[in-house]
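Please look over the model below before reading on. The report then takes up its fold, confidence and local features.

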Amino acid sequence: MSSHASASALLERPHAAAITGTVQLIGVPMDLGASRRGVDMGPSAMRLSALSAHLQRLGLRVDDAGNVFVPDRTAIGSTLQARP
């Protein structure tokens with residue numbers, strides 16, 4: 001398989017050797033500093049895409065630790081200073 005194989009191809013391809021280990025998923029729903037709104041929905045998209053199920057089919061144990069707390073941008077806006 002080439003090094004440019006897509007993630008979905010890796011998830012669908014049968015593997016000769018089982019992959020073992022534990023993967024911990026940690027979501028950070030934050031869009032501060034991003035050039036586009038909506039990037040804070042990344043953790044939800046990761047979970048809706050059934051990433052855990054795909055990783056488990058590969059033989060990995062998945063521990064979804066949930067999302068870290070990120071305060072609302074309006075609550076921290078006054079404490080942020082623009083950098084020159």
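## Basis of the model

This is a predicted model; local features need pLDDT of at least 70, side-chain atom pairs count only at pLDDT 80 or more, and totals for chains, interfaces and linings use all residues. Residues are numbered from 1 along each chain as its sequence is written, and side-chain values use heavy atoms, with hydrogens and water left out.

The predictor's confidence in each residue is given as pLDDT, from 0 to 100. The protein chain averages 77. At least 70 is reached by 67% of the residues. Confidence is lowest in helix α1 (residues 7–12), with a mean of 59. It is highest in β2, at 94. Where pLDDT is low, the predicted coordinates should not be read in detail.

## Overall fold

The protein chain has 4 helices and 2 strands. Their order from the N terminus is α-β-α-α-β-α. Helices (H or I, at least four residues) and strands (E, at least two) are DSSP runs, numbered from the N terminus.

Contact means heavy atoms within 4.5 Å. Take the contacts between residues at least 6 apart in sequence: 70% of them join residues at least 24 apart.

## Surface and burial

How much of the protein chain is buried? Buried residues account for 12% of its 84 residues. Buried means under 20% relative accessible area, exposed means over 50%, and partly exposed lies in between (1.4 Å probe, protein chains only).

The accessible surface of the protein chain is about 6,600 Å². Carbon and sulfur atoms hold 56% of it. Accessible areas come from the Shrake-Rupley method with a 1.4 Å probe; for residues, only the protein chains shown count as cover.

## Nonpolar patch

Ile 26, Val 28, Met 30 and Val 68 make up a nonpolar surface patch. Together they have about 320 Å² of accessible area. Patches are made of residues with over 30% relative accessible area and no salt bridge; like charges are joined within 9 Å, and nonpolar side chains (Val, Leu, Ile, Met, Phe, Trp, Tyr) within 5 Å.

Val 28 sits in the loop between β1 (22–27) and α2. Its relative accessibility is 43%, so Val 28 counts as partly exposed.

## Salt bridge

Side chains of opposite charge can pair when their charged atoms come close. The rule used here asks for a side-chain nitrogen of Lys or Arg within 4 Å of a carboxyl oxygen of Asp or Glu. By this rule the count is 1 salt bridge.

Asp 64 pairs with Arg 47, and their closest N and O atoms are 2.7 Å apart. The pair links distant parts of the chain, 17 residues apart: Asp 64 lies in strand β2 (residues 61–67) and Arg 47 in helix α2 (residues 42–48). Asp 64 is partly exposed, at 34% relative accessible area. Arg 47 is partly exposed too, at 29%.

Ala 65 is placed in strand β2. Its relative accessible area is 45%, so Ala 65 is partly exposed. Which residues does Ala 65 touch, not counting those up to four places away in sequence? They are Gln 24, Leu 25 and Ile 26. Ala 65 and Ile 26 are 39 residues apart along the chain, yet their C-alpha atoms are separated by 5.4 Å.

Ala 50 lies in the loop between α2 and α3 (51–57). Its phi is near 65°, a positive value in a residue other than glycine. Ala 50 is partly exposed, at 33% relative accessibility.

Ser 52 is in helix α3. It is partly exposed, with 24% relative accessible area. Leaving aside neighbours within four places in sequence, Ser 52 is in contact with Leu 25 and Val 62. Ser 52 and Asp 64 are 12 residues apart in sequence, and C-alpha to C-alpha they are 8.0 Å apart.

Gln 56 is also found in helix α3. Its relative accessible area is 45%, so Gln 56 is partly exposed. The C-alpha atoms of Gln 56 and Thr 22 are separated by 9.5 Å, with the residues 34 apart along the chain.
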